[in-house]
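Reader: I am new to reading protein models. Could you take me through this one, feature by feature?

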Amino acid sequence: MNPTIFERLFLILVCVIFFNLVIEAQTIKVTLLGTGAPAPVMDRFGPSILIEAGDQKLVFDAGRGALQRLTQMKVKQKEIQGVFFTHLHSDHVVGFPDFWLIGWLIGLRETPLLVWGPEGTRKMISNLEKAFEFDIKIRISDDKAAPNGVVIKAVDIKESVVYEKNGVKVTAFEVDHEPVKPAFGYRIDYAGRSLVLSGDTRPSENLVKYAQGVDLLFHEIVSPEAFKRTPLDAERAKSVAAHHTTPEQAGEIFSKSKPKLAVLSHIVPPTATEADLRPLIRKTYSGALELGEDLMVIEVGEKVLVRRPIK
Ligand SMILES: [Zn+2]
Ligand SMILES: [Zn+2]
């Protein structure tokens with residue numbers, strides 16, 4: 001018996017839904033939780049990036065306000081499988097105690113939190129556990145918070161594949177943030193999609209190697225021009241800039257790496273504007289480029305989609 005027109009339409013609908021689910025399952029979703037730097041400004045919180053791939057939710061760096069931004073995205077701390085630090089500069093980790101302790105207390109986390117970072121990470125975590133010893137004890141005895149939920153399992157890593165689960169692979173690679181050593185960038189691979197996060201670095205050939213032809217390259221940037229509008233004296237500004245990548249240098253890195261899309265993800269100083277950055281990058285790079293902002297979402301599936309937050 002031939003199917004009726006309704007049966008055929010129903011079958012097409014099921015196929016469309018199934019196809020969409022498959023595409024969605026092969027998408028990496030990146031949310032810039034914070035795109036700022038040490039100076040406290042209201043529109044750029046501290047550096048932090050959320051990556052969602054398959055059933056994995058991973059956070060890279062936890063600068064000021066990471067938990068607040070995560071909450072704005074309606075992602076619960078207990079849904080996060082792991083936190084990866086690029087390096088231990090305070091602006092990249094200062095949001096971690098809030099993320100860890102309040103995420104546990106309010107977010108009702110019941111399982112240990114996994115943390116990866118450069119040498120010194122385990123020591124920092126063990127010192128944080130000591131610093132918050134009083135609170136941890138009282139929250140367990142008085143608030144009945146789950147003892148397992150406050151446990152951190154921290155690992156000091158070297159350049160290598162550091163995480164592999166359910167098709168999501170995270171590779172740490174060294175970048176050049178001298179004298180902060182080691183400092184890492186991360187490459188994330190999932191379902192044939194790939195992206196690289198630079199962490200903090202001046203131009204790094206190792207980054208170019210790992211970022212070759214990736215879908216997305218998230219890179220830090222420093223604007224010596226924007227520093228002139230800050231109270232920082234010229235000598236100090238020059239020294240800060242020497243730890244980072246200028247717009248002209250970023251353009252060269254993007255031209256060599258050839259990502260589908262380059263995104264400026266850590267803006268130093270955080271008051272640098274599009275006008276400070278884009279024209280100079282354009283001297284050395286003509287490909288796709290976005291200036292990152294907090295709560296910007298980029299999805300890599302069949303296509304690369306960029307969604308900016310509604311203001
Ligand atoms: Zn740094
Ligand atoms: Zn930084």
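Predicted model: local features only at pLDDT ≥ 70, side-chain atom pairs only at ≥ 80, totals over all residues.

Reader: Which residues coordinate the zinc ion (ligand 1)?

Author: Start with the rule. Donors are N, O and S atoms within 2.8 Å of the metal (3.2 Å for Na, K and Ca); water is not among the atoms, so sites may look incomplete. Here His87 (NE2), His89 (ND1), His177 (NE2) and Asp200 (OD) coordinate the zinc ion (ligand 1), at 2.1 to 2.3 Å. Their spacing in sequence is H-x1-H-x87-H-x22-D.

Reader: Why is the arrangement around the zinc ion (ligand 1) irregular?

Author: Ideal angles at a metal are 109.5 degrees for four tetrahedral donors, and 90 or 180 degrees for six octahedral ones. Four donors count as tetrahedral if all angles lie between 85 and 135 degrees; four count as square planar and six as octahedral if opposite donors are over 155 degrees apart and all others between 65 and 115; anything else is irregular. The four donor atoms around the zinc ion (ligand 1) subtend angles of 93 to 162 degrees, so the arrangement is irregular.

Reader: And what coordinates the zinc ion (ligand 2)?

Author: His92 (NE2), Asp200 (OD) and His266 (NE2) do, at 2.0 to 2.2 Å. Along the chain, these donors follow the spacing H-x107-D-x65-H. Histidine 92 lies in helix α3 and aspartate 200 in the loop between β10 and α7, so the pair ties together parts that are 108 residues apart in sequence. Helices (H or I, at least four residues) and strands (E, at least two) are DSSP runs, numbered from the N terminus.

Reader: How far apart are the two zinc ions?

Author: They are 3.5 Å apart, and aspartate 200 coordinates both.

Reader: Are histidine 92 and aspartate 200 buried or exposed?

Author: Buried means under 20%, exposed over 50%, partly exposed in between (1.4 Å probe, protein chains only). Aspartate 200 is at 2%, so it is buried. Histidine 92 is at 1%, so it is buried too. Histidine 89 is at 32%, so it is partly exposed.

Reader: Now a strand. Where does β14 sit, and which strands does it pair with?

Author: Two strands pair if DSSP finds at least two bridges between them. Strand β1 (residues 28–34) pairs with β14 in the antiparallel sense, over five bridges. In that pairing, threonine 31 stands opposite valine 297. Strand β15 (residues 304–307) also pairs with β14 in the antiparallel sense, over four bridges. There, isoleucine 298 has valine 306 as its bridge partner. β14 and β15 form a hairpin, with three residues between them.

As for where it sits, five of the five residues of β14 (residues 296–300) are buried, so the strand is largely enclosed by the rest of the structure. Both faces are covered: Met296, Ile298 and Val300 are on one side, Val297 and Glu299 on the other.

Reader: How do I read empty space?

Author: Rolling a probe the size of a water molecule over the atoms shows where empty space is left. On a 1 Å grid over the protein atoms alone, a cavity is a set of points where a 1.4 Å probe fits but cannot get out, and a pocket is an open set with protein on both sides within 12 Å along at least five of seven lines; lining residues have an atom within 4 Å of a point. Grid points are joined across faces, edges and corners, and a volume is the space filled by probe spheres set on the points.

Reader: What volume has the largest pocket?

Author: About 430 Å³. Its lining has 22 residues, and Pro38, Phe227, Arg236, Val240 and Val268 are the closest to its centre.

Reader: How many cavities of 30 Å³ or more are found?

Author: The search of the whole structure finds one. The largest cavity holds about 140 Å³ of space. Among its 15 lining residues, Pro47, Ile49, Asp61, Gly199 and Ser265 are the closest to its centre.

Note on methods. Residues numbered from 1 in each chain as written. Chains lettered and ligands numbered in written order. Heavy atoms only, no water.
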